[in-house]
Amino acid sequence: MVGTVYADIQAPPASEYTATRKLGRALGNIFMGIEELPVTMLRWQDREGDYAGYSVGIVDGFARTFTRMGYGFYELVTFWAPTYKCTYRPPYQGSCGRSGLIEYNSWSGFSEFPAELGYQSKYNYSRNSPY
């Protein structure tokens with residue numbers, strides 16, 4: 001009986017992805033997708049140096065910006081329909097290898113929402129200082 005009750009209160013795997021989340025993700029990708037440019041430049045600069053950051057980083061950043069904005073427009077037009085595997089999940093999110101329509105990996109992969117510049121609101125910062 002306890003196992004049946006426990007299974008009953010669990011949410012389905014795709015329950016957090018809704019049409020309104022897809023619409024919000026589309027607007028975020030359209031309006032904030034330009035942030036891929038400086039973030040990609042900094043990633044290349046940290047990994048390969050200044051020259052790579054200001055050459056390959058700019059080209060890769062523009063490519064990532066246009067890809068993200070393209071997905072934003074695609075999701076804006078189709079936000080009302082469950083298009084990816086009959087769900088509202090983003091078609092470019094995954095955890096390993098090829099998942100969705102573009103390659104995703106931990107270093108340069110696409111996240112669900114654009115990267116944030118400056119303060120990262122998703123992290124809970126605190127100080128443990130005696131002063």
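The conversation below takes up some labels and the values behind them.

Tutor: This is a predicted model, in which local features need pLDDT of at least 70, side-chain atom pairs count only at pLDDT 80 or more, and totals for chains, interfaces and linings use all residues. Residues are numbered from 1 along each chain as its sequence is written, and side-chain values use heavy atoms, with hydrogens and water left out.

Student: Why is R25 called buried?

Tutor: R25, which lies in helix α2, has 0% relative accessibility and therefore counts as buried, a word that means under 20% relative accessible area, with exposed meaning over 50% and partly exposed in between (1.4 Å probe, protein chains only).

Student: What makes the pair R25 and E75 a polar contact?

Tutor: Their side chains are joined at 3.1 Å, and a polar contact is a pair of N or O atoms within 3.5 Å, where within protein one must be able to donate a hydrogen and the other to accept it, and residues adjacent in sequence count only if both atoms are side-chain atoms.

Student: How do you know that the span of helix α3 is close to the expected one?

Tutor: Helix α3, residues 36-48, has 13 residues and reaches 18 Å from its first C-alpha to its last, close to the 18 Å expected, since the expected span is 1.5 Å times one less than the number of residues.

Student: Which residues of α3 are buried?

Tutor: The buried residues of α3 are E36, L37, V39, T40, M41 and W44.

Technical notes:
Helices (H or I, at least four residues) and strands (E, at least two) are DSSP runs, numbered from the N terminus.
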